[in-house]
Each structure stands twice: as C-alpha cells, then as structure tokens.
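Visitor: Could you take me on a close look at one part of this model, the place where the ligand sits? I'd like the details, and then a word on whatever else is worth a stop.

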Amino acid sequence: MPAADWKQSVVYQIYPRSFCDSNGDGVGDLPGITSRLDYLKALGVDVVWLSPVYRSPNDDNGYDISDYRAIMDEFGTMADFDTMLAGMHARGIRLMMDLVVNHTSDEHPWFQQARQSRDNPYHDYYIWRDMPADSSLPNNWEAAFSGSVWEPNPATGEYYLHMFSKKQPDLNWENPKVRQEVYALMRFWLDKGVDGFRMDVINMISKPAGLPDAPVIRAGHLQPSFGMVTNGPRLLEFLREMKAQVLDHYETLTVGEAPLATIQQGQDITNVYTGALNMLFQFEHMDLDAIPGDGRGKWALKPLALTDLKASMSRWQDALWQTGWNSLYLSNHDQPRPVSRWGDDGVYRVASAKMLATFLHGLQGTPYVYQGEELGMTNVRFARIEDYRDIETLNMYREAVQDRHEAPAEVLARIHVKSRDNARTPMQWDATAHGGFTTGTPWMQTNPNHTEVNAAQARDDADSVWHYYRRLIALRKQLPVLVEGRYALLQPEDPNVYAYIRTLGDEVLLVVCNFTPREQVFVLPPNVAFEQQQLLIANYVVNAADSVRACTLRPFEARMLVLR
Ligand code: TEU
Ligand code: CA
C-alpha cells in the first residue's frame, strides 16, 4: 500500500470472540462484525486488524490454529468472511488478518503427522529434542503461560518446543518447506483481497543455535526465556525472504508483534529501504508498570512513572524518524484497559480516556484503537477466578495458589490489574442485557458498567469519548504535521504533565497532557515561540483567551494546538 495513504490511517482492532454475536450462541462472529461496519465507518477508521478467525481448538482463543485456510465454525463460514471483506472494502476499510506462524495448534495436521515418527515428512516442521532416560529437560526455558517449554512426545521419545501453551508447538523456520507453507497461505488470503497482516510474535521465529539455557534470575529451575528467542540469528533474513517472495507482489500493510524488541531491531525491520515490514508492535511502554527483572514478569506490579513513559516513547519517536515507522497503541487483547491502567476509571473516566487518546494520537506513527477503547471501556474485577477464561491468567493463578501457596485474594488482585481478560469482556453496544452483545449467554460475562458505558449512549452524547476519538481520527486526515511532523519532547523531568511538539516547516503542533487527577500548572518553554495559537481539540472547554504559554491544567486535561 503506498506509504502516503497508510501513514494517515488509523487501525481498529477487532477481537472477534467479544465483538458482536449475530446468532445468540454467546460468541461473537463474522456476521456480527458485518452488522457493525457502519459503526466503524462512522468512527472514521480505515483499517481493521482482525484477531484470528481460523479453525482452532481455542486453547489460546484462536492463536492456536489447526487450519489456516478455514474459518472457525463458531465464527461462521468462508462465505461470511467474503461478505464481511466485501462490506469493508465497500466502505473504504481495509483488512489486516492475524498471521500466527511462530506456532500452530497441536491439532494441525502438520503436527498430527509430525508427532507420529521421526522420519515422518512433517517431523522437521517442528523443534524436537531427545528425551533422556531421566526425563531431564533440554534447557531451563519457561513457557509464556507457565511451566517448561518442553512437552514429552512418547511416540518418538522426544520433547517438542512450545514457547506458549503445550497445544501451540513452535514451527521450525530453519526448514525451507515450513517457510514455503507460510508464504503459500499468505498468498491464499491476499488473493482473496485481504490487505495485509498483523504478524504474531514474528520476532520469535528464528531460534538461537543450541537453544542454550536462559540466564538465572530467580529460584527454581525454569527461567523467563522470551529474551532467548526474540532476536534470532536469521530473523531479518527470513523476513526479507517473506517480503521478496510474498509482500512485494501485493499492496500490503504489515505490522510485526515483537516482544522485547530493541530500537536496533525496530530500525532494521521497519527501515523503508532495507527492512521488511511497515511497522512493529514493540512493548517497552507496556512493561513500564512491572518491576524490571522480577521473575514474576508483568504480575510484579509497580506504578507507572510518567518520566519513564516519556523517555520510552521519545526513544522510539527519535529512533525511527525518517527511517522506519512506529505503531502507536496503549491497548490490545493482551493488555488491560488504558483508562483503568494509566487514567482513572472512576470520576475522571471520560476526561482521562480522552487525555490518553490525545497523548497517543498526537505522536508520529500509526494509531491503533482496540475495540471498546473508543468508549472508554474499563477493566473488570470479577470476584471469582471461575469467571476468568484466559489461559495465561488461569495458569498463573493455579501456579501461584497451588504451587507457591500465595493468598488467592492477593493473586486475584493482581489479575484485576493485569489480566488479558480485562480487554476481552464483550463489547458494550447498549445498556440492555449483556450490553447488546448477544441475545444468548455470553462466553464471558459483560462488564456490569455497560449500563453507563456503551456505544449507543456515547453516540447520543456529543461530548462522549466516542465523538472525541472520531474527531482525533479525522484530524490525522487533515493535518500533515500530525503525520510528518518531527517530534520533540518538552520538560522530560516533569512527573505530571507530558508535553511535546511536532514540527513540519513553520507549523508547530503542541500536545499537552496532564496525567494526574490534580490541577497542574503548565508553562511553555520560552524556546517554543509563536504568535498565534489555534486550539484543535481539548477534553475540557478552554477559554480562547487562555494562552498556552502558561496555564492551569484541570485533572487529566489535554489540549492539542497548532502554533504559528
Ligand atoms: O502475544 C505474544 C505476547 O507477547 C503475549 O503473550 C504477551 O506477552 C502477554 O500476553 C502479555 O501478557 C501474542 C498474541 O497477541 C497473544 O494473544 C497470544 O497468546 C500469543 O502471541 C501466542 O500466540
Ligand atoms: Ca455467535
């Protein structure tokens, strides 16, 4: 896709299981999405990222695929898919499918074959190690959803590698047949008219030779291992091959999910001349409210320091300037709701949701809106672990309570803050039962606050978070400075207010965001000279005479202005 137009794009992520149920079985589906395309059109987004809808036993809600060319029965048929895609294109909305090829489901025919014998032609599609007589593990790697990454396969007397659940065996990308299989299934969807891919944990596909032990950072045998596989020796080679053999032959938009991505990796992979993908999802800002190096990972909670967020976002804004391109996101189906995480989901829910959107959409890159974010949907605090569904959450709870004998209430409190299920409660369309998501019983309970927080209410209220997102998204289409302007941080040490400028020629865009529930005084540094100020958008009524040179910001107040 010519850079010119996707650089103005705003992407909307749909988590199909929780978006809209059309047939009352309590599970979202493709006809449900099709029935809501006018909602997306009205919001103004022009690209949809659709989380996986392929055939899957749903061990990890679709990120465990058993047939890459078939639609999961619960979500509908291929005809439903074609109707949805045609509906999107008719509204000028493009579709990015989720490409999950670091691993397959263990129910995929490739793995079903591979696990039968060592000389099965599919055996080398996966990663195996001999299982010694004492069953000792090949290395000390812990899987993402707890436990070892190695699962026994008695039929061949081996272990197979799975970085995620044991029903998600990793593919062996060293095997050229595996790569050709992936390129062929990408062409299948691109030939159907799909416009690009979000690529799941794509920086994990090249494993280090010898699969050496991970550094020991905590007691016990198993150690966090993501860092061992997220920058493999042949990663760039594989991605460049994918580009040459597939992406270059179509107009595509691509974003690679890259846990633990470094600035160097971001520059290498998104470099417009020598890279392979349009942008990456890097996670630096997503880890800022976890204690670094703590063996409990994201569950080791610590408050966000705004100066850390400024430093991280500024590093990526500066590093990819004019060479690569950033993705901009605060939430997705793996992260808690931003307004609960970094805003205030009580009295300042609306103001802080708008502030976080202003902060994010003012930056250089492609903004992503995760379903419900445009309504200011919040985290859910289910009282019982039985109400949770996410494999990562349930495995963590079981291990913490049963193996480490931690107090269930304490573990549940951490789940309330960081569980992926916070993002996966059904979409809140209206104030009726189950938020109008289904006429049946939802696969997961709807957040009880759907009676206040819902799309119908938001669209009727011109001052809602929804209409604020609609205006922000429209600005990106109107203002070249928002797309091309050079980013510069102001007052890096201020722990309460995040202010930055974007400059394009003699046009300066100023974004000022109060990240606190208290009033804050803001004084513009004298080196930001201007004669006129034009307010573009703000989440409070601002008196036109109120100069941004020095002003008092109300709780979570945000302003975006053009200075000339
Ligand atoms: O997520 C990869 C990933 O980094 C997450 O596992 C993340 O670390 C974790 O969820 C944070 O809590 C991708 C998909 O987005 C995720 O839904 C899948 O579970 C995972 O890959 C495996 O496919
Ligand atoms: Ca359904």
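**Around ligand 1**

Guide: Start with the make-up of the shell: the residues around ligand 1 divide into nine charged, six nonpolar and three polar. Keep in mind as we go that this is a predicted model. In total 18 residues surround ligand 1, and the closest are Asp60, Asp200, Lys298, His333 and Asp334.

Now for some individual contacts. Look at Asp334, where a side-chain N or O atom is 2.4 Å from an oxygen atom of ligand 1. His333 has a polar side-chain atom 2.9 Å from an oxygen atom of the ligand, and for Arg198 the distance from a side-chain N or O atom to a ligand oxygen is 3.0 Å. As for how covered the ligand is, ligand 1 taken alone exposes 490 Å², and the protein buries 94% of that.

Next stop, the metal. The calcium ion (ligand 2) has protein donors at 2.2 to 2.3 Å: Asp21 (OD), Asn23 (OD1), Asp25 (OD) and Asp29 (OD), plus Val27 through its O atom. Along the chain, these donors follow the spacing D-x1-N-x1-D-x1-V-x1-D. Val27 has a relative accessible area of 5%, so it counts as buried, the cut-off being under 20%. Asp25 comes in at 35% relative accessibility and therefore counts as partly exposed.

Last, the empty space. Rolling a probe the size of a water molecule over the atoms shows where such space is left. Searching the whole structure turns up three cavities of 30 Å³ or more. The largest cavity has a volume of about 90 Å³, and its lining includes Leu330, Arg337, Pro338, Glu373, Met377 and Tyr469.

How values were computed:
Residues numbered from 1 in each chain as written. Chains lettered and ligands numbered in written order. Predicted model: local features only at pLDDT ≥ 70, side-chain atom pairs only at ≥ 80, totals over all residues. Heavy atoms only, no water. Near = heavy atom within 4 Å. Polar contact = N/O pair within 3.5 Å; in protein donor to acceptor, adjacent residues only side chain to side chain. Areas by Shrake-Rupley, 256 points an atom, 1.4 Å probe, with all protein chains shown as cover. Nonpolar A, V, L, I, M, F, W, Y, C, P; charged D, E, K, R; others polar. Donors = N, O, S within 2.8 Å, 3.2 Å for Na, K, Ca; no water. Buried < 20%, exposed > 50% of the residue type's maximum accessible area, 1.4 Å probe, protein only. 1 Å grid on protein atoms, 1.4 Å probe; cavity = no way out; pocket = protein on both sides within 12 Å on 5 of 7 lines; lining within 4 Å. Points joined across faces, edges and corners; volume = space filled by probe spheres on them.
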